[in-house]
Amino acid sequence: MNYSDSARIRAVLTNCGFLYSETEEEADIIIFDTCSIKQKAEDKITGRLKEIPKDKRIWITGCMVQHNFRLSPLTKGGGEAGGSKPLSAFKRGNFIGSIKTVNPKVIGKTNEEIKELKSKKNADFSSSIFINHAYNPLFFELNKTYPHLELFFRIDDTGFLPLMLQTLGYENIKINTELFNEYEKIIPNEGASMNTHNKTAYIPISTGCNQFCAYCIVPFARGLERHFPAEQIINEAKQHLKNWVKEISLLGQIVNKHPDFVHILKEILKLEGLEWLRYTSPYPTYYSEELLQLHETEEKLCPHIHIPFQSGSTSVLKKMFRGYTAEQCYQFIDKIRALKREISITTDMIIWFPDETEEEFEKSLQLVEYGKFDMVYMGIYSNRPGTFADKKYTDNIPYEVKHQRRTKMNELLKNISTENNQKELWTKIKMMINKIDKDGNLYGYTTNMKQVNVPLRLHSPWLEEDEWKPEGANFQPWDIIPIIITEAQKFKLIGETIYYFSIWNLSSKK
Ligand code: SF4
């Protein structure tokens, strides 16, 4: 999601006349697009701020800014200490709709402005954009130590950036009123449509979430769920494919809850130039039979499903407000395994959820064992302010127990991964190259989302020794190439390109 958001920021700024810099050293402005899913992610940003030289300006956006919104001086009871609930007039943007005015006011540049607004009874914020001091106390706190921190803005307000910059005194800024608060209408420019190391375009098809899982900050940071129009999503995909993108990944907090999800997939699958189509993250209870069938019949829909189960225990899932039981997880796995195509499954599990007993943890291990997951992304429980879990549960699992559980899960996962990877031996699979090192070794991932290396091969039975060249010399990063898997390791595959493989086979037959 952050790749996608950052590409949109870049599109708006280049439209205003800014230039994108590949290196931090060359840049005048450093923008942090932040994540709040765990406290550690926020701590990383405060650590990074120390490294930014004082002659550069800093802007911060993303979830770290948005969930602090409820502590704004403009919220009920707010002040430097912050409030708790947004005033009804202040609820807007992704919470209740979007600003439609063509002339919104930017609020929050100075503290005086906030004080004045607070002193007015019934102040109307309905056509206002909030920046900086409107997001107290975080901006205040950071700005004291980092005076070169210039801007805090909500990611949903990216289309308003030109207006914010005018307010901050930037000159000759081009304004595009078409984009005002229509985040989804911003289509990243050529070159900004992909992440830095491969030809993948990330297209958000919805934003926000209505699930309110007990532990999750997303509904507070990203607001309530909004689905973007199918036609617009398909158009964006066309645009990326024209720019030589090969892989498209559709994004949403519950991506398969989009009412037109299957239609969107089918339409994108028809587009010329597409090689791989993925989506993340789906929810078990929103899978239709039709969607599962597509994985069987559509080769370009990658044979990989990342499904965040979070726990294998019904009682823990209930406490998490996930809305499904462990039995439903098992049934869902059975459905995937019944397809006539091998699908790799990966999942997320929250480790040591408050009060989780040994028995409940064992149930998660059982689910991992049953599902034969290729990877389990272990989310270490992190208390997020304002969530139900923050108010009602205590992070009460002793450190040693946490450590033991993590080790146990890791050990199980290593065994499953090695076992699963053994089954890939001598199979032909496609690999997207995302790195070629200086020696010519290839690194990338497979269509079923496994890490793969193709090591340097200098020798070739039919070339003279002075004609030998490293493997990488034949390819470009982001090429999709067929390979044969020759070695299975835990969490990694080793392969040979088909080209060398045939030569090698031929020569050994000789
Ligand atoms: S489904 Fe739950 S965990 Fe996922 S984004 Fe929504 S609230 Fe968060």
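User: How do you know which residues may be discussed, and how are they numbered?
Analyst: The model is predicted, so local features need pLDDT of at least 70 and side-chain atom pairs count only at pLDDT 80 or more, while totals for chains, interfaces and linings use all residues. Residues are numbered from 1 along each chain as its sequence is written.

User: Why is arginine 278 called buried?
Analyst: A residue is buried if 20 or more other C-beta atoms lie within 10 Å of its own, exposed if 12 or fewer, and partly exposed in between, with C-beta atoms placed from the backbone. Arginine 278 has 20 other C-beta atoms within 10 Å and is therefore buried. Across the chain, buried residues make up 36% of the 510 residues.

User: What makes isoleucine 380 exposed?
Analyst: Isoleucine 380 has 11 other C-beta atoms within 10 Å, so this residue is exposed. Isoleucine 380 belongs to strand E13 (residues 375-380). Its C-alpha atom is separated by 8.4 Å from that of methionine 349, 31 residues apart along the chain.

User: Why does leucine 241 count as partly exposed?
Analyst: Leucine 241 has 19 C-beta neighbours inside 10 Å and therefore counts as partly exposed. Leucine 241 is placed in helix H8.

User: How are helices and strands identified, and how many does the chain have?
Analyst: They are DSSP runs numbered from the N terminus: helices are H or I of at least four residues, and strands are E of at least two. The chain comes to 16 helices and 18 strands.

User: Which residues does arginine 278 touch, and what makes them contacts?
Analyst: Two residues are in contact if their C-beta atoms, placed from the backbone, lie within 7 Å. Not counting residues up to four places away in sequence, arginine 278 touches Glu247, Ser249, Cys302 and His304. Arginine 278 lies in strand E10. Between its C-alpha atom and that of leucine 250, 28 residues apart in sequence, the separation is 6.3 Å. With the same exclusion of residues up to four places away, leucine 241 touches Leu271, Glu272, Gly273 and Leu274. Among contacts in the chain between residues at least 6 apart in sequence, 71% join residues at least 24 apart.

User: What makes a group of residues a nonpolar core, and which members of the largest one touch the most others?
Analyst: A nonpolar core is a set of buried Ala, Val, Leu, Ile, Met, Phe, Trp, Tyr and Cys residues joined through C-beta atoms within 7 Å. The largest has 58 residues, of which Ile129, Ile131, Phe152, Phe153, Leu161 and Met164 touch the most other members. Its largest share, five residues, comes from helix H12 (residues 326-337). The core draws at least three residues from each of domain 1 (2-175) and domain 2 (185-422), with bounds from an automatic or database domain assignment. Apart from this core lies another, of 20 residues, including Tyr202, Ile233, Phe261 and Cys302.

User: How do you know that the buried residues of helix H9 are on the same side or on opposite sides?
Analyst: The buried residues of H9 (residues 261-269) are Phe261, Ile264, Leu265 and Ile268. They cover an arc of only 100° around the axis, so they are on the same side of H9; the arc is that of the directions from the helix axis to the C-beta atoms. These buried residues pack against helix H8 (230-242), strand E9 (247-251), strand E10 (276-280) and helix H10 (289-297).

User: Which residues are around the ligand, and how does their shell divide?
Analyst: A residue is near a molecule or strand if its C-beta atom, placed from the backbone, lies within 6 Å of it. The residues around the ligand are Cys209, Gln211, Phe212, Cys213, Cys216, Val218, Pro219, Gln253 and Ile254. Ala, Val, Leu, Ile, Met, Phe, Trp, Tyr, Cys and Pro count as nonpolar, Asp, Glu, Lys and Arg as charged, and the others, Gly among them, as polar. The shell divides into seven nonpolar, two polar and no charged residues.

User: What is noted about the backbone at lysine 372 and at serine 281?
Analyst: Lysine 372 has phi near 50°, a positive value in a residue other than glycine. Lysine 372 is in the loop between helix H13 (358-371) and E13. The peptide bond from threonine 280 to serine 281 is cis, with omega near -10°, and serine 281 lies in the loop between E10 and H10.
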